[in-house]
Amino acid sequence: MKGFGIKGNVYSLESRNMHSRPHTRLIASHVSQLNSKRGVAARSLLCQRTQTGHTNRWQLTGTVGSDLLGQAQVRRAEESALQLSDRKIKSADPMALRWREDTTGSTQSSLPRLVRPLSASQHTSVCSEVTWPSKLDTPEMQFHNLSHSVAGKAKPDAVLECLGGKWKLHCPFLNNSDTLFELYTNSKRERVAQLQEREVSRQSSRTGSSLCSYGRGQVFSKWNLSGPLTLRLPVKDSSITKDALSFVLRTLYDPEERPDEWGESVISAAVLLGMSDLFQKCLKEMMNNISSSTVCRFHEVSCKFKDTALQTACERWLELFLVTDLSCHVNLRDLPFDLLLKTLHSPRLFTLGEYDLLRAVLYWLYLQLNPLRTTLPAHSPIINFFSRETGAFLEQPHGQKYITIFQALRLHGITEWQHLQELHNIRVFPEASLFHILSNHYHNLYNGGDMTVTDFHKQAVRFGMMVDGEEECRTKTMNLYGFYFLLKAVNVDESDTYSFYIERLRHWDPALSQSSIVTRPFCMRPDRSVCYHITVQSYSNGEFREHSSGAVNQEFGLWKRCCRSKPFHVEGLSPPILVTFALAFPF
């Protein structure tokens with residue numbers, strides 16, 4: 001500026017005596033602002049975020065352990081670089097060169113300049129402060145993280161292309177998979193054959209163009225020899241998912257890996273990759289985890305792979321817990337028709353009573369007719385649903401296919417008045433069937449309880465109770481055609497031995513309530529011939545146990561003060577214990 005000069009630190013006399021002092025103060029303040037900006041920029045150099053890459057990611061220039069967002073973006077950039085190694089992208093990976101804008105306030109260049117990467121120790125300290133949940137990772141990344149931690153820095157020997165993903169594999173870990181080992185061997189053999197053919201063609205070439213192609217072929221040959229093999233595995237089974245495939249591949253590197261859920265997708269992936277040990281492990285895990293939510297799916301898997309052990313275990317579980325467990329869950333709708341029919345015909349089927357078994361079948365039928373239901377409603381809405389039928393459900397075209405299911409029930413064992421009234425209200429059975437049941441009850445009562453028994457195992461009325469092990473004695477009162485009995489299970493000396501027996505009750509017995517005597521028939525016949533069968537079953541640690549007394553005939557009279565059956569002792573029981581008393585009154 002004219003008239004304003006600086007010699008060292010001394011201003012000229014002319015500039016000091018200038019009339020325009022406001023301009024002097026303005027310039028001095030501008031200089032001080034520039035100095036303060038340089039100081040602020042220098043102090044905040046390590047804490048300034050800068051934009052990097054084409055994905056609008058941000059990063060810190062320094063290593064701040066509390067910057068969780070920046071560390072998450074760093075990790076995503078690393079994963080993207082590993083998945084797309086053939087693409088050159090600008091990444092926020094701190095192990096690679098990254099860009100940041102100049103923060104010195106210089107106006108010489110507005111372009112970003114290259115900054116040196118973080119050291120390996122700094123990168124480790126930054127990433128080790130954050131725990132990455134594995135469930136947030138994709139199946140490919142879950143596999144990559146585990147394989148990278150086990151194999152270290154070893155280069156992959158093969159890349160598996162399956163289900164739209166690429167899985168980098170290492171040769172030492174392929175021995176446990178027959179399919180992958182065979183694919184790798186065949187691919188390696190094909191590569192060697194191709195390289196030999198190229199070598200022969202190069203040696204036979206003598207022209208200059210051949211020499212040029214020889215140089216290019218030599219580079220290509222070297223790349224093929226060092227590059228990983230490509231293994232392509234088509235999947236025709238729709239049940240195999242990426243998560244299941246990722247888990248099965250992870251077991252090659254770590255046999256202790258466990259999936260979120262053992263099921264059809266996991267065992268199908270094990271079969272696809274030819275991993276027999278994992279296949280057997282899946283079957284064992286399924287047998288130990290049978291429940292109301294898995295029994296139908298596991299049974300389907302056993303039929304698919306023809307495994308009789310798992311199939312038998314699922315069917316035995318249904319025989320024990322169809323009424324007491326599965327009928328209380330919406331998973332009952334997944335029970336196939338044939339499997340339900342087979343369970344109903346089983347002599348080992350446990351039920352608390354014949355009415356409870358009918359109720360379980362009605363719940364199953366309701367879910368079949370309403371497949372969009374996601375929850376199992378209460379008992380009353382289901383009864384109202386069947387009560388709206390204009391005619392007998394089993395006589396209608398859409399209900400005739402369920403006739404065999406209801407024929408497997410022992411409806412003659414339903415003797416309570418309120419249950420018989422409900423049987424009439426639901427409008428499922430034809431009027432002729434209901435008339436036959438009621439007339440049969442009348443004749444049995446009129447004849448002193450005598451029943452026409454042609455097949456005891458199909459006509460005996462079943463009464464069941466569960467022993468949970470907390471009580472030393474468990475009892476249940478039952479009545480049939482005016483005769484009352486006390487079913488009893490007693491623990492012997494607080495051990496694993498139990499005693500089971502039947503005792504006939506008199507009308508003044510304290511075990512009977514006054515209301516039951518008034519509202520129900522009571523037969524004073526002094527003697528009663530009874531054929532009974534006691535079945536004791538237990539399920540513990542995937543093991544089923546069954547004990548049977550066989551069919552026993554005994555006279556229960558009133559001439560003695562106490563008339564009971566011979567105790568049936570069973571040792572080695574563990575709760576829960578399911579006891580079934582089947583009774584019939586022959587002539």
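**Helix pairs, a buried helix and an open sheet**

Helix α14 (residues 354–369) packs against helix α15 (residues 379–387) at an angle of about 70°, and their axes are 10 Å apart. Angles of 65 to 115 degrees count as roughly perpendicular, and α14 is therefore roughly perpendicular to α15. To find the contact in the viewer, pick out Y355, R359, L362, Y363, L365, Y366 and L369 on α14, which meet H379, I382, I383, F385 and F386 on α15. Sorted by class, this contact between α14 and α15 has 10 nonpolar residues, one polar and one charged. Please keep in mind as you look around that this is a predicted model.

A second helix pair comes earlier in the numbering. Two packed helices are described by the angle between their axes and the distance between the axes. How do the axes of helix α12 and helix α13 cross? Helix α12 (residues 308–321) and helix α13 (residues 337–345) have axes that come within 10 Å and cross at roughly 60°. With that angle, α12 and α13 are therefore oblique to each other. Their crossing is right-handed. On the α12 side the contact involves E315, L318 and E319, and on the α13 side L339, K342 and T343. By class, the contact of α12 with α13 has three charged residues, two nonpolar and one polar.

Next, let us turn to helix α9, which spans residues 264–272. Which of the residues in α9 are buried? They are V266, I267, S268, A269, A270 and L272. If you look at what covers these buried residues, you will find several other helices, including α6 (178–204), α8 (242–253), α10 (276–288) and α11 (295–305). After α9 comes G274, and the phi of G274 is positive, near 65°.

Our last stop is a sheet. Strands of a sheet pair through backbone hydrogen bonds, either parallel or antiparallel. Here the sheet is open and has four strands in the order β11-β12-β13-β17, with antiparallel pairing. Strands β11 (473–480) and β17 (568–570) are the edge strands, each pairing on one side only. From one strand to the next, the twist averages 15°. Within this sheet, you can follow strand β12 (residues 483–491) alongside strand β13 (residues 498–504): the two pair in the antiparallel sense over seven bridges. A handy landmark is A489, which stands opposite F500 in β13.

Technical notes: Residues are numbered from 1 along each chain as its sequence is written. This is a predicted model: local features need pLDDT of at least 70, side-chain atom pairs count only at pLDDT 80 or more; totals for chains, interfaces and linings use all residues. Side-chain values use heavy atoms; hydrogens and water are left out. Axes are lines fitted to C-alpha atoms, for helices over the stretch in contact, and angles run from 0 to 180 degrees between N-to-C directions. Angles under 35 degrees count as roughly parallel, over 145 as roughly antiparallel, 65 to 115 as roughly perpendicular and the rest as oblique. A crossing is left-handed if the near helix is turned anticlockwise from the far one by less than a right angle, and right-handed if clockwise. Contact means heavy atoms within 4.5 Å. Ala, Val, Leu, Ile, Met, Phe, Trp, Tyr, Cys and Pro count as nonpolar, Asp, Glu, Lys and Arg as charged, and the others, Gly among them, as polar. Buried means under 20% relative accessible area, exposed over 50%, partly exposed in between (1.4 Å probe, protein chains only). Two strands pair if DSSP finds at least two bridges between them.
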